[in-house]
Amino acid sequence: MDTSIAVFIPDGLHRDKPYQITYLLHGLKGNHNNWADYTLLPLYALDYQSIFVMPAVSRSFYTDMVYGQKFFSYVADELPEVCKHRYLIYLQKEKIQGLLALLWGAYGALKIALTKPENYGFCGAISAAGLFLKEGLIFQRENESQVIEGFGEQINNDFKSIFGPRLEWKPEYEILELAKKINEAKCKPRIYMSCGTEDVVYYKDNSRFKDQIEKFDFDFTYEEWAGEHNLHFFNEALKKTLDVYFK
């Protein structure tokens, strides 16, 4: 099917000089234009020699859906191939591509980077959702009416389209399971996560996730500071994440 991709290319692009490539993934209610429309990415990007690629994945949770498209395969496998042939980018290990995202996009970024650690040198996750997906699926199965009342019928339908009518869990969906699987691997992405301490939606899970993943052997950094679940925090966190990634 046709789909949309937003691409931000630095001013003064040298066509004979390879660049790093950075994928920015949007959240549940977003699309491929969100990073350019609602953050200072166009300004921040001027400081870095990178091409920024932002795909659209609808409300797929970056998963090969049971009833729908294979969006995990698209972002993890197909999109990098397209970019490799379309743009002049580094392919060496030391200049390997990075993933940055927020909310459910952060879940997708972590899942992709930990599933294919040989392909991604860095993963930045801002206010990540879905960090304990198995628990969430169990809760939704047992409390469907409560989920619909609190979050709307659409989110319930989304999950059934993605995971099937019984909301079946698989280890490849779970971030900590993926981290555990590659814990002894030599090639692993650096991970930088951040969350606002006033984020009533995701702060508790992000703090808990930090405690769990620090038990593994990863180059992992987590930062939290005063901030809510809003664009003000996301914009500040984006700048911090880019600084960690590139500098």
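**Exercise 1.** Find how the side chains of Asp217 and Lys188 meet, and where the pair lies in the chain.

Solution. Step 1: the two side chains form a salt bridge, with 3.8 Å from N to O. The term means a side-chain nitrogen of Lys or Arg within 4 Å of a carboxyl oxygen of Asp or Glu. Step 2: the pair links distant parts of the chain, 29 residues apart. Asp217 sits in the loop between α9 (203–213) and β7 (220–225), and Lys188 in the loop between α8 (175–181) and β6 (190–196). Helices (H or I, at least four residues) and strands (E, at least two) are DSSP runs, numbered from the N terminus. Step 3: Asp217 has a relative accessible area of 54% and is exposed. Buried means under 20% relative accessible area, exposed over 50%, partly exposed in between (1.4 Å probe, protein chains only).

The model is predicted; local features need pLDDT of at least 70, side-chain atom pairs count only at pLDDT 80 or more, and totals for chains, interfaces and linings use all residues. Residues are numbered from 1 along each chain as its sequence is written, and side-chain values use heavy atoms, without hydrogens and water.

**Exercise 2.** Classify Asp77 and Lys116 as buried, partly exposed or exposed.

Solution. Step 1: a salt bridge joins their side chains at 3.1 Å, N to O. Step 2: Asp77 is partly exposed, at 34% relative accessibility. Step 3: Lys116 is buried, at 17%.

**Exercise 3.** Locate the salt bridge of Asp243 and Lys239.

Solution. Step 1: their closest N and O atoms are 3.0 Å apart. Step 2: both residues lie in helix α10 (residues 231–246), 4 residues apart, about one turn of the helix.
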